[in-house]
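Dear colleague,

Please find below the structure that I am handing over to you. My findings follow directly after it.

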Amino acid sequence: MTNKQLVDQIRIKQSFLCIGLDVDINKIPKHLLLEEDPLFAFNKAIIDATNHLCVAYKPNIAFYEAHGLKGWKSLEKTIQYLNTHYPEQFTIADAKRGDIGNTSSMYAKAFFEDLGFDSVTISPYMGKDSVEPFLEVEDKHTILLALTSNEGAYDFQTQMVDGIELYKKVLVTSKTYKNAENLMYVIGATKATFLKDIRKIIPDSFLLVPGVGAQGGSLSEVCKYGMTKDVGLLINSSRGIIYASKGIDFAEVARVKAEELQVQMAIELKKLI
Ligand SMILES: O=c1ccn([C@@H]2O[C@H](COP(=O)(O)O)[C@@H](O)[C@H]2O)c(=O)[nH]1
């Protein structure tokens, strides 16, 4: 999917919501445990109930890898279901990968070619040759961790290196990579006030913003500092939507929670006109 197609979807749906599919076998409704593939059954119900309210889905790969081969199968079925039934959805493999060049090429093949995701999250820590193999793939997006939502972000990301905060160095340096137009960045919603400075370095790039809902980030603050004329934001919520009810009505309650965010997003989008 191209950036333009993503922006078109945002305008059509009046939403820049990304729903995180962090499916945890201990948190899903008990009746689903009788299904052949409970993780997929849960995801399918959530996707069917919420797809008209969001523009992206983000399975966090850890929740699938935790179940070995069975979990990987559930992931494969989920992305295939999305690509077949809802091809307009932007898909994000939240895998946080990155390694020496030839290994990164294999990760790119796994997530872009084999599984067919539109994008994958990558750690910038190993530098240029670990990121560029992902950027080579046409119409696919590499989402670089820049300033994350967690408390530990202050351990390294905000520390000064060569007179500049490390997360800013990530932004500035990554802009010089080959095919940098395929880059997006992760900025935590809990760091919304940093967005003013961030937009001076990357005025137009798309940002994946996790951390609203369960982690306490504010949607309106993120929009205030981070929104561009082409929106430039995908705001993620996982637990706040998918586990809003643990009962038989889980998908319907997820729809209600997603709609609450979508309504707020539509209000923010009106400010752009
Ligand atoms: O900085 C980051 C990067 C990634 N995440 C991931 O996003 C979701 C957030 O889930 P919530 O339940 O909405 O808190 C989860 O998959 C994280 O691993 C992040 O939170 N912060």
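G20 has K58 as its bridge partner in β2, and L21 is bridged to P59 of that strand. These contacts belong to the four bridges by which β1 and strand β2 (residues 56-59) are joined in parallel; two strands are taken to pair if DSSP finds at least two bridges between them. Helices (H or I, at least four residues) and strands (E, at least two) are DSSP runs, numbered from the N terminus.

Please note that this is a predicted model, in which local features need pLDDT of at least 70 and side-chain atom pairs count only at pLDDT 80 or more, while totals for chains, interfaces and linings use all residues. Residues are numbered from 1 along each chain as its sequence is written. The protein chain has an average pLDDT (the predictor's confidence in each residue, from 0 to 100) of 97, and 100% of the residues score at least 70. The ipTM is 0.99 and the pTM is 0.98.

Strand β1 (residues 17-21) is largely enclosed by the rest of the structure, because five of its five residues are buried. A residue counts as buried if 20 or more other C-beta atoms, placed from the backbone, lie within 10 Å of its own. On one side of β1 the buried residues are L17, I19 and L21, and on the other C18 and G20. Strand β2 is likewise covered on both faces, with A56 and K58 buried on one side and Y57 and P59 on the other.

β1 also pairs with β10, in the parallel sense and over three bridges; there, L17 stands opposite I235. Together with helix α2 (residues 38-50), β1 and β2 form a right-handed β-α-β unit: with the strands pointing away from the viewer, the path from the first strand over the helix to the second runs clockwise.

Yours sincerely

Conventions. Buried ≥ 20, exposed ≤ 12 C-beta atoms within 10 Å, placed from the backbone.
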